[in-house]
Structure formats: C-alpha cells, structure tokens
Amino acid sequence: PVVDPYPDSAYSFLEVGKFMLRSQLDCVLASDSGKTFDLKTRATNAIRMNTPRLSSKIDKMNGLKNSFEREFHDMMRGAFVKYAFQCRIGQMHGLFITFHNTENVFGFQYVPLRVIDRVVFGSAEMGPFYFDAGVKLLGEIFDRVVDFFKQPEGIRITVEANKKRRMLNITAWEIVEDSTVIGEARCANDEGRVLGPPQRWEVAIDTFVNGNPTSRPHDVVDPSTVDVFFR
C-alpha cells in the first residue's frame, strides 16, 4: 500500500488534458456542504507598490485611493486570473480575503468563484472554458517542445504574451551536462548542469464564436459555441 507522507495535509487533484494538477486546501465550511475555500492576504496598494507609506490605511468604501473599491479593482486587474485558476484546480467555492498593512487589519471579504468569473471572463460560463482551453493549449505547446529536443534530460521554458500580435512567444532551453555547449548558461541550484542555446517559437491563436472569427472582447451567451485554434 502507498503511505501518504503528509497525512495531515489536504489536497485536491484535477486532471485537465495531459496535466495532473494539485492544489492545497486551506479551509472547509463548517456546514455539511463540504465546500472548500482559499485564504488570501491582500496588502494595501502602497505596500504592493513598495512606497515608503507602509502604514497607509484603507479608511473608506469607495474612492481612488485608500478604499476597498480601489483594492478590489486592483485584484480584478492583477490577481483574479490566478485566483480563479487556483480555485478551479482546488475545486474551491471561493476566497476569503484579508486586507491589511504592516500594522493593522482593515477588513475581510469573501469572494465566490462565480463573482471572479463574471468580472474577469464576463460570465460564470466562460470562466471554466478559459481555464480548460488555456491548460490544454499549454499541454500542446509542451508536447511540441519536448518532441523538438528528442528525449531531453530537462527543459526550461518561458511563455510571453504578445498582445498586439495576439501571439505567444515561446523560448526553451535544453538542460544538458556538457559545459562546452555554445551559449551556455548556468542552471540555478543545479551544480554542473547548463542550458543549451535558446530555441524560439511563435504561437498564433484564433478564436471563433458560433463559427465566426473574433479578435475583440465578445459577449458570449447560451447557446453559443466558442472554438480556439492555434498554429
């Protein structure tokens, strides 16, 4: 029998395409629903921007500065995509967020996943679609990079979005033992191994809604079909 080395830890596993994803679970609702949720701490804008005003406070509900409205707006633009992915991997209901600076806690907010999907992706239906399509596209990219290097010992990959051209810039390095490789770079925390010369690809992505190509934000309503192609 397989012995769990961490019996007191709670994880959720999710299979998407060729990936097996794991998420640690933070909390479970006290009711019999069995719903789990994640814990997040959210420092004030001044702390995140690394300004000298580390003691800046949230002192109002609405407004451009020092408000819960500003903090929620910043989360929408900079954090909700990764939060949505974390919740989906962990099959969690939502997030319990604590707002604070270096001295005080200013409040708490529970944000269900369906709210994140609506403000980021436009609807609760599109959130799961973007997650599924994005993870499966990453799997296709990884397959092609691995095939290119022909049974590599290891690969380092970076993915950068080119929003103007609606493309992904992929750069990959094979991790090799031979220190004489041209263009070598040392692997961090990996004594004696180096990176081979970089290999680069561009991946174009095309989206179709109900069979029609679209390159702009689109209101998708039921019943609609959305297809994503890459080349």
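Predicted model: local features only at pLDDT ≥ 70, side-chain atom pairs only at ≥ 80, totals over all residues.
Reader: Which residues does T171 touch, not counting residues up to four places away in sequence?

Author: T171 sits in strand β8, and the contacts listed here leave out residues up to four places away in sequence. With those set aside, T171 touches R156, I157, T158, P198, Q199 and R200.

Reader: How many helices and how many strands does the chain have, and what share of its residues is buried?

Author: The secondary structure of the chain comes to five helices and 13 strands. The chain has 231 residues, and its accessible surface comes to about 15,300 Å², of which 53% belongs to carbon and sulfur atoms. The share of residues that are buried is 31%.

Reader: Is D38 buried or exposed, and which side chain is joined to that of D38 by a polar contact?

Author: D38 is found in strand β4, residues 36-43, and has a relative accessible area of 7%, so D38 is buried. Leaving aside neighbours within four places in sequence, D38 is in contact with D26, Q86, M92, G94, L95 and F96. The polar contact, of 3.3 Å, joins the side chain of D38 to that of K40.

Reader: Where on the structure is there a nonpolar patch, and what accessible area do its residues have together?

Author: The patch lies on the surface and is formed by L39, F96, V105 and F108. One of these residues, V105, is found in strand β6, which covers residues 105-112. Together the four residues of the patch have an accessible area of about 370 Å².

Reader: What distance separates the end C-alpha atoms of helix α5, and what span should its residues give?

Author: Helix α5 covers residues 126-149, and at 1.5 Å a residue its 24 residues should span 34 Å. Its buried residues include M126, F131, V135, I141 and F149, and just after α5, K150 takes a positive phi of about 60°.

Reader: Which residues are linked with D74 in a network of salt bridges?

Author: The side chains of D74 and R48 meet in a salt bridge, at 2.7 Å from N to O, and this pair links distant parts of the chain, with D74 in helix α2 (residues 68-78) and R48 in helix α1 (residues 45-48). R70 also forms a salt bridge with D74, the closest N and O atoms being 3.1 Å apart, and R70 and D74 both lie in helix α2, four residues apart, about one turn of the helix. D74 counts as buried at 13% relative accessibility, while R48 counts as partly exposed at 27%. The residues linked with D74 in the network are R48, R70 and E71.

Key
Residues numbered from 1 in each chain as written. Heavy atoms only, no water. Patch = residues over 30% accessible without salt bridge, like charges linked within 9 Å, V, L, I, M, F, W, Y side chains within 5 Å. Areas by Shrake-Rupley, 256 points an atom, 1.4 Å probe, with all protein chains shown as cover. Helix = DSSP H or I, 4+ residues; strand = E, 2+ residues; numbered from the N terminus. Expected span 1.5 Å × (residues − 1). Buried < 20%, exposed > 50% of the residue type's maximum accessible area, 1.4 Å probe, protein only. Contact = heavy atoms within 4.5 Å. Polar contact = N/O pair within 3.5 Å; in protein donor to acceptor, adjacent residues only side chain to side chain.
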